[in-house]
Amino acid sequence: MKQRNIVVCILLCFITCGIYTIYWMVVLNDDVNYLSRRLGPSGGMVLLFSLITCGIYGIYWMYQMGVAVETIHDQNGEPRGSAPVVYLLLSLFGLGIVAYALIQNELNKYGNNVQSF
């Protein structure tokens with residue numbers, strides 16, 4: 001699992017006029033699926049569903065990412081928080097990139113503890 005610098009990711013999202021944001025969403029999904037050991041849709045399917053539904057699936061996906069992050073917390077013996085609600089609200093208010101950064105922070109934190117499954 002690759003550690004990503006959050007500031008660089010955010011800058012790339014702006015520099016590439018959102019193209020990197022699409023890539024970041026796909027890899028975030030795949031990394032969260034791997035860490036949480038859940039059988040969710042692949043990053044490509046999330047992108048496709050988001051395009052087909054004009055972004056509505058992306059809001060649902062944000063909530064599901066929060067659920068998966070809480071699963072990662074459970075697996076590491078940490079208390080659950082309110083990640084699903086936080087990510088959902090950020091997404092609804094147009095701050096999805098902040099939610100991406102929060103998800104990436106969790107991945108960076110727990111990605112070092114990954115063992116082969």
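The model is a predicted one. Cys9 takes part in no disulfide, and the nearest cysteine sulfur, that of Cys13, is 6.8 Å away.

A disulfide requires two cysteine sulfur atoms within 2.5 Å. The sulfur of Cys13 has its closest cysteine sulfur in Cys9, at 6.8 Å, and is therefore too far away for a bond. Cys9 counts as buried, with 2% relative accessibility. Cys13 is buried as well, its relative accessible area being 5%.

## The nonpolar core

The largest nonpolar core contains 26 residues. Those with the most contacts inside this core are Trp24, Trp61, Met62, Tyr87, Tyr100 and Ile103. Several helices contribute to the core: H1 (6–15), H2, H4, H5 (83–92) and H6 each supply at least two of its residues.

Ile103 illustrates how such contacts are arranged. Not counting residues up to four places away in sequence, Ile103 touches Leu28, Val32, Met62, Met65 and Tyr87. Two of these partners, Met62 and Tyr87, are also listed among the core residues with the most contacts.

## A buried glutamine

Gln104 is located in helix H6. Is this residue, Gln104, buried or exposed? Gln104 has a relative accessible area of 0% and is buried, because the limit for that class is under 20%.

With neighbours within four places in sequence left aside, Gln104 is in contact with Lys2, Arg4, Ile6, Trp24 and Leu28. Of these partners, Leu28 is touched by Ile103 too, and Trp24 is named among the core residues with the most contacts.

## The largest pocket

The volume of the largest pocket is about 240 Å³. Its lining consists of 14 residues, and the closest to the pocket centre are Thr21, Met25, Ser50, Gly58 and Tyr100.

Which helices supply at least two residues each of the lining of the largest pocket? They are H2 (19–36), H4 (56–75) and H6 (96–111). The largest share, four residues, comes from H4. By residue class, the lining divides into seven nonpolar and seven polar residues, with no charged residue.

Technical notes:
Residues numbered from 1 in each chain as written. Predicted model: local features only at pLDDT ≥ 70, side-chain atom pairs only at ≥ 80, totals over all residues. Heavy atoms only, no water. 1 Å grid on protein atoms, 1.4 Å probe; cavity = no way out; pocket = protein on both sides within 12 Å on 5 of 7 lines; lining within 4 Å. Points joined across faces, edges and corners; volume = space filled by probe spheres on them. Nonpolar A, V, L, I, M, F, W, Y, C, P; charged D, E, K, R; others polar. Buried < 20%, exposed > 50% of the residue type's maximum accessible area, 1.4 Å probe, protein only. Core = buried A, V, L, I, M, F, W, Y, C linked by side-chain atoms within 4.5 Å. Contact = heavy atoms within 4.5 Å.
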